[in-house]
Amino acid sequence: PLLGRRLTTKSLAQTGENHSISYLSINMTIYSIAWVLLLTGFTLTWATGATPVALQADQNGCSWDLESHKTKPVSFFGFSAQGVAFTSDGQAIFSGKNFLRLTSADSGYHTKAVNWRAIPKAAKSLKLDHIGDIEIYEDKIIAPIEEPTHTAPYFVLYHTSNLSFTGEMFPAAGQKHCPWIAADNGVAWSSEFDNVETIARYSITDNYKRIEDFRVDFPAPGLMAVQGGAIFNGALILSTNSGVNINPLNQGTQANLFAFDLSSGKLLAAENINIRGGEMEGIAVYGQNMLMASNGKYHVESNIYSLKCD
């Protein structure tokens with residue numbers, strides 16, 4: 001039932017040579033999940049032998065081809081790539097540390113609106129100063145924003161049309177870090193940055209009241225350096241920094257992208273995505289296209305890669 005719905009993933013990282021955004025192909029079958037990153041020529045196969053029926057995306061398969069490569073100045077991300085989300089009609093909104101950019105619903109990502117000072121006074125009064133990977137739910141941007149002591153993050157809401165603050169802010173109760181947020185069916189999902197064994201959940205319709213946590217099946221001490229998350233076809237997808245997490249499904253290897261069954265928390269898939277010039281930041285899914293952002297080593301330019309399903 002989730003097939004074809006807009007779902008936003010968020011994943012952030014803050015090193016690397018180029019800010020990169022990549023559309024990834026997702027070709028999932030009953031017996032395996034295949035992620036094809038045509039830009040680098042790698043074919044990444046997930047969790048063979050498992051039967052993640054809930055993740056079945058397209059029984060007929062899907063062929064993905066590189067559609068375009070765009071280079072943008074580093075200012076495109078407000079000098080610090082953090083996240084990305086899609087509106088219901090396919091417009092991409094990018095987040096930086098204190099910045100939002102609304103772009104067109106085409107591969108040119110032409111700017112339609114920019115909020116260079118996206119953190120409102122009400123948030124600044126609480127010392128909030130760092131936007132993470134954003135989500136869009138019911139035509140509102142939800143931005144997780146942290147403060148330097150990492151003790152009291154908030155969810156801050158913005159209008160998708162002009163990126164202005166709606167006046168709504170809600171504490172991410174019980175969280176210290178709050179690097180990402182995903183939302184579906186009236187529930188918002190988020191987590192800490194390190195030692196992630198449970199996912200915090202919030203009732204959007206009840207003013208983001210915290211509800212029962214969701215436990216993910218991952219060896220202690222849990223996932224480290226979690227940067228983003230999204231919900232796609234019955235799975236919670238989490239992205240992390242590279243080089244910090246093992247792949248429990250393939251001992252002796254590492255992974256930075258993980259898919260957990262949304263009902264049981266079982267780890268269905270894990271893979272290591274090679275990011276040009278740096279680590280993963282925010283990710284977003286629109287239909288069956290994925291957009292990925294990463295920061296670069298020298299913060300010199302931004303690259304946008306779009307892959308299209310034929």
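Which residues form a nonpolar patch on the surface?

1. Phe79, Val114 and Trp116 do, and together they have about 300 Å² of accessible area. Patch members have over 30% relative accessible area and no salt bridge (a Lys or Arg side-chain nitrogen within 4 Å of an Asp or Glu carboxyl oxygen), and nonpolar side chains are joined within 5 Å. Areas come from the Shrake-Rupley method with a 1.4 Å probe.

2. A word on the source: this is a predicted model, where local features need pLDDT of at least 70 and side-chain atom pairs pLDDT 80 or more, while totals for chains, interfaces and linings use all residues. Residues are numbered from 1 along each chain, and side-chain values use heavy atoms, without hydrogens or water.

3. Valine 114 sits in strand E9, residues 111-115 (strands are DSSP runs of at least two residues, numbered from the N terminus). Its relative accessible area is 30%, so valine 114 is partly exposed (buried is under 20%, exposed over 50%, partly exposed in between).

4. Threonine 87 is in the loop between strands E6 (81-86) and E7 (92-96). Threonine 87 counts as buried because its relative accessibility is 5%. Its side chain joins that of aspartate 89 in a polar contact of 2.4 Å (N or O atoms within 3.5 Å, one able to donate a hydrogen and the other to accept it).

Definitions and conventions: Patches are made of residues with over 30% relative accessible area and no salt bridge: like charges are joined within 9 Å, nonpolar side chains (Val, Leu, Ile, Met, Phe, Trp, Tyr) within 5 Å. Helices (H or I, at least four residues) and strands (E, at least two) are DSSP runs, numbered from the N terminus. Buried means under 20% relative accessible area, exposed over 50%, partly exposed in between (1.4 Å probe, protein chains only).
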